[in-house]
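Please look through the model below with its pockets in mind, beginning with the ligand and its surroundings and then moving on to the space elsewhere in the protein.

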Amino acid sequence: MLALSCASASAQTKLRAWNIHPDGYPVTEAMKRFASLVEQNTGGRYQIEVFSNATLGDQPKAVQMLKAGEVDVAEFSSGPLSDAAPGLKALNLPFLFSDSAHMFKHLDGKLGERFAAKLQTAGFVVLGWYDGGGRSFYCASRTINSFKDLAGARIRVQQSEIYIEMVKLLQATPVALPFKDVLGALEQNTVDCAENNMPSFESTGHYKVAKSVYVTNHVVSPEALVVSTKLWASLSPADKAAFSKAGTDSATLMRELWNKRVASAIETVTKQGVQFVRVKDVAPMVRRMSPLYGKYMADPSTREELLTIIGN
Ligand code: GTR
């Protein structure tokens with residue numbers, strides 16, 4: 001008995017998971033579900049502790065930590081992830097996907113496998129595609145009625161090249177800041193605007209300062225639940241299957257929770273006086289982004305995927 005319990009105790013592996021969001025957020029709840037399913041599916045041999053609110057470091061740092069195997073599990077937005085795996089940049093191009101259903105039509109099929117293969121080469125094993133929703137601009141100090149009203153604004157962007165390029169094309173000034181610093185920057189007027197999906201706009205409290213949302217959905221992009229290639233290589237085939245199943249199930253949960261949270265976030269911020277202006281015609285904004293399309297179409301690491309998405 002003693003020998004048995006010692007053996008099982010020594011066989012228990014504790015893993016660390018990085019997460020940027022707070023409790024109750026769809027990503028956090030889905031990661032917790034992933035952790036409990038992994039534990040259950042491996043008979044308790046793997047235990048995952050989810051460190052939320054970016055307590056282990058900001059996202060670009062965490063991307064590097066995961067790649068180096070210093071954290072085992074993480075959930076990343078495709079912007080910061082694409083800086084470590086450039087083949088993923090195609091997924092962040094503005095106005096590429098019309099909505100999440102269009103995006104998952106591709107990601108849940110062959111294209112998702114191709115992106116996952118690129119990520120694996122870069123050190124990230126995808127176990128589930130989560131929904132990053134549609135991102136829109138919002139501002140504290142100005143009402144936006146047209147994308148031209150963004151010209152000259154200091155716009156907070158993720159610390160990710162493609163977002164910086166996008167904002168420059170709007171003739172605005174990109175200010176790359178960690179997620180947790182955006183509320184303070186809006187409050188202190190060191191940035192005028194930011195952009196995000198509605199659940200993050202609401203969960204961070206950005207809506208308390210930035211009351212004007214310009215609904216562009218300029219980027220509809222995925223997020224990815226990943227584990228390090230170091231961890232993956234250490235798993236037996238049966239444990240790989242257990243992790244994969246937990247990842248797929250957590251992604252299903254995430255997408256359900258996401259749709260509900262988008263609706264409740266919009267309801268909450270509307271009650272708090274946020275005004276929405278919907279973009280009437282995206283064509284002029286799309287034209288403005290054309291240097292980006294040109295660049296990534298010419299890039300052999302993104303071209304083929306872009307052609308597949310554009311064709312469908
Ligand atoms: C959120 C995303 C986070 C982070 C954040 C940001 O929508 O879920 O991972 O990328 O945006 O803007 O920094």
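In the classes used here, Ala, Val, Leu, Ile, Met, Phe, Trp, Tyr, Cys and Pro count as nonpolar, Asp, Glu, Lys and Arg count as charged, and the others, Gly among them, count as polar. On that basis the lining of the largest pocket divides into 11 nonpolar, 12 polar and 6 charged residues. The model is a predicted one, and the positions discussed below should be read with that in mind.

The largest pocket holds about 400 Å³ of space. Of the 29 residues that line this pocket, I20, H21, F179, K180 and T204 are the closest to its centre. Among the secondary-structure elements, α3 (59–67), β3 (73–77) and α9 (198–203) each contribute at least two residues to the lining, and the largest share, 3 residues, is supplied by β3.

It is in the largest pocket that the ligand sits. The residues around the ligand are I20, H21, Q59, S77, R135, R156, Q158, F179, N196, N197, S200 and E223, and by class this shell has 2 nonpolar, 7 polar and 3 charged residues. Of the 320 Å² of accessible area that the ligand has on its own, the protein covers 98%.

T204, one of the residues closest to the centre of the largest pocket, is found in the loop between α9 and β8. The side chain of T204 reaches the backbone oxygen of S200 at 2.5 Å, and S200 is itself one of the residues around the ligand. The side chain of T204 also makes a polar contact, at 3.3 Å, with the side chain of H206.

The second largest pocket has a volume of about 250 Å³. It is lined by 18 residues, and of these G134, M198, N217, V262 and I266 lie nearest its centre. At least two residues of this lining come from each of β4 (124–139), α9, β8 (212–228), α11 (237–271) and β9 (275–278), with β8 giving the largest share, 4 residues. By class, the lining of the second largest pocket has 9 nonpolar, 7 polar and 2 charged residues.

Conventions:
Residues numbered from 1 in each chain as written. Predicted model: local features only at pLDDT ≥ 70, side-chain atom pairs only at ≥ 80, totals over all residues. Heavy atoms only, no water. Near = heavy atom within 4 Å. Areas by Shrake-Rupley, 256 points an atom, 1.4 Å probe, with all protein chains shown as cover. 1 Å grid on protein atoms, 1.4 Å probe; cavity = no way out; pocket = protein on both sides within 12 Å on 5 of 7 lines; lining within 4 Å. Sits in = over half its atoms within 2 Å of the grid points. Points joined across faces, edges and corners; volume = space filled by probe spheres on them. Polar contact = N/O pair within 3.5 Å; in protein donor to acceptor, adjacent residues only side chain to side chain.
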